[in-house]
Amino acid sequence: MRSVLYLLTALAVMGLAFWAYRENYRTQAAISEMSDIQRQIGRLREDLGVLRAEWAYLNRPERLRQLVDLNFERLKLVPFGSDQFVDVGQVAFPAPKAPEPATDPETGADVPVERPAGYPPRRPQESTP
Amino acid sequence: MIRTPLRPLARILRARETGENPDAIEAANRAQRHAVIQERARGSARTRLFFMSCAFALAFGTVGAKMGVLASSQPSEPRVQTTGAQIISQRADITDRHGRVLATNLLTHSLYAHPQQMVEPERAARELVRIFPDLEIERLNKDFSGKRSFVWIKKKISPEQMQAVHDIGEPGLLFGPREMRLYPNGHIAAHILGGATFGKEDVASAEVVGVAGVEKAFDHWLRDPANDGAPLMLSLDLTVQAAMEEVLGNGMKVMNAKGATGILMEIKTGEIVAMASLPDFDPNDRPRPLLKGDPSDSPLFNRAVQGQYELGSTFKIFPVAQAIDLKLVSPTTMINAKAPMKIGKYLINEFRGHNYGTLSVTDIIVKSSNVGTVRVAQLLGADRQRDFLEKLGFFEPTLIEMSEAPTGKPLVPKRWPAVTSATVAFGHGLAASPLHLAAAYATVANGGKRVMPTLIHDRSQRGGEQVLSPEAARIAVQMLRQVVVRGSGRSANVEGYEVAGKTGTADKPRPTGGYYGNKVVSTFASVFPASDPQYVLVLSLDEPSAIGAGGESRTAGATSAPVAAEVIRRVAPLLGLRPSTETQLPMVERPLPDRLKLVSN
């Protein structure tokens, strides 16, 4: 009886030692993973800072003004004037086009378009212009 | 234990028989008993002392062991306890009121050398000069071949330059990470932001400290880690600031001015939406201050805050508003404004020798009559006039959050004899910054409640002191509106925005005393829209001259007023102000595709 008890105790001690050993290594792995992630966050924040700085630099008013001047032919952008304040009701909308003739269901556009693998199927509102 | 009696009968009897003193037996027994008690007490004291010394040894041993552990262990960051990411840049960003970046940090590298570790110092020096043409080869050769063990070469280098230095392949050239302050918008708001430089420098990092403007005023706040990287949000609007600087720059060119400044301020809160001073500089590459000559010639000089100008006729509204507040005059009171007027030995004349005769108070402002204003100021008296100007803030530097603010202390005459009181009434003899004028106009337009200019967005402020009754303030704004409708400020009228303002042309004082005959500071101080004042714009041109149809003109009506009109035309829509138009555009019905009308109940 007593020897069985000794055996069980020894087994329990061995089991606990094994468990503690594993826990120790798992904790250390988690800690090093966390510090990796912290470092990664730091790097990403740095990158984010650079991107924000670059965004601000590319959107500086001086450059935007130059771009507007360069593309004046196409865009015809002029400074925002006081005559541009109007209510929605005062804007003339274009007259609606006549409804297009119904498309043939067999050859029409309702056939789902083939998309590359990995893409979700096209939702209906995405295809409306 | 058997207690020994002090006087054991047997021994006493025996002693009596032998004729000895029985008291000696008692004394001996007593002594024996005391010795036992003493022995017991010593034993317990020894035990106590032993435990005490054990406790002390344990306590000091623990402290000593901990000290030993601390001294011998390698320092490392606490990795387990840190919650969340703690990595934030050492200096917070500065943004405008919509969160657009005005100042941020960028990681770069610095370049230094350990000449003792160099393999080919001459080649390294040659290559370095090829990469950085501003370095001198003689100096580098001297540094690299001498006894020095450490040399700084460049404080900030770009990634391309870093790669080029890498490609030299010299082990003695080393890089240290640096955080550098970047102002992505260049010249825009340069005076407000100021600039930053490196403080204490080390190989591993360097301190970034502000040298001027907001960067210096908020240096501690920006570097405080407790803010957790929150940006400093200024009240500026980048778009408005850029538009204003553009218009002001063009206006300065057209009017041949030496300098220009403009301040646009929200009336209700005192927040500065745009503040520009030209010529300006690039805060990324801040020029050195001038060592000799007039500091106001330097581009670093912020005319809006540091400039001390006699602001001329723009001051006339203050005595008039005060006189209306005190019910001494009404807008229709007729005042004798016959020129010239004599005060002591001084003569007060009108502009270009006009003589207006008798004018109503409104017309004094509209026609900008010096004599009329002096008469109104005389009704007030010097003491009341001075008190009012003090309440408007003309005696103290503004409390704006910039390191330059205390240098903008107005030049106020020490004594107020009758002639000083008269000249101050029309804006001569008291030199203040355009920002003071903007704050004072904002106070008048804010229903007489004192407005404090600020650069910080959404800072809760106590309501200002009431320095003028709302009624008098309303009348004053209406008078200013009349100036633009039919007076000297006609060229500042902007359709739809009901500009109300006052021109001011002041001769520049000579440094040697007296005034220049052909150099002026022309100012236009305005409030818009007049029916519900929202913004104050003060615009000042230094030494302008406009060539118009009638020849050369330096008056504010011909120089700063049209520029101010252009600023308002550009900026008011950007601020979201809708023009008030008399003719409404017709409403257009939207044709619906199915010809149905939607009805809302």
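1. In chain B, the axes of helix α3 (residues 121–131) and helix α5 (residues 159–168) come within 10 Å and cross at roughly 160°. Axes here are lines fitted to C-alpha atoms, for helices over the stretch in contact, with angles running from 0 to 180 degrees between N-to-C directions. The crossing makes α3(B) roughly antiparallel to α5(B), a term for angles over 145 degrees.

2. α3(B) passes α5(B) in a right-handed crossing, that is, with the near helix turned clockwise from the far one by less than a right angle. Ala124(B), Glu127(B) and Ile131(B) make the contact from α3(B), and Gln161(B), Ala164(B), Val165(B) and Ile168(B) from α5(B); two residues are in contact if their C-beta atoms, placed from the backbone, lie within 7 Å. By class, this contact has five nonpolar residues, one polar and one charged. Ala, Val, Leu, Ile, Met, Phe, Trp, Tyr, Cys and Pro count as nonpolar, Asp, Glu, Lys and Arg as charged, and the others, Gly among them, as polar.

3. The model is predicted: local features need pLDDT of at least 70, side-chain atom pairs count only at pLDDT 80 or more, and totals for chains, interfaces and linings use all residues. Residues are numbered from 1 along each chain as its sequence is written, while chains are lettered from A and ligands numbered from 1 in the order in which they are written.

4. Helix α16 of chain B (residues 434–445) has twelve residues and reaches 16 Å from its first C-alpha to its last, close to the expected 16 Å, where the expected span is 1.5 Å times one less than the number of residues. Twelve of the twelve residues of α16(B) are buried, so the helix is largely enclosed by the rest of the structure. A residue is buried if 20 or more other C-beta atoms lie within 10 Å of its own. Just after α16(B), Gly447(B) takes a positive phi of about 70°.

5. Chain A contains four helices and zero strands. Of its 129 residues, 3% count as buried.

6. Between the chains, 31 residues of chain B are in contact with 31 residues of chain A. On the chain B side, β2 (101–113), α9 (238–254) and α18 (560–574) each supply at least two residues, and the largest share, five residues, comes from β2(B). That side has 20 nonpolar, six polar and five charged residues.

Notes. Angles under 35 degrees count as roughly parallel, over 145 as roughly antiparallel, 65 to 115 as roughly perpendicular and the rest as oblique.
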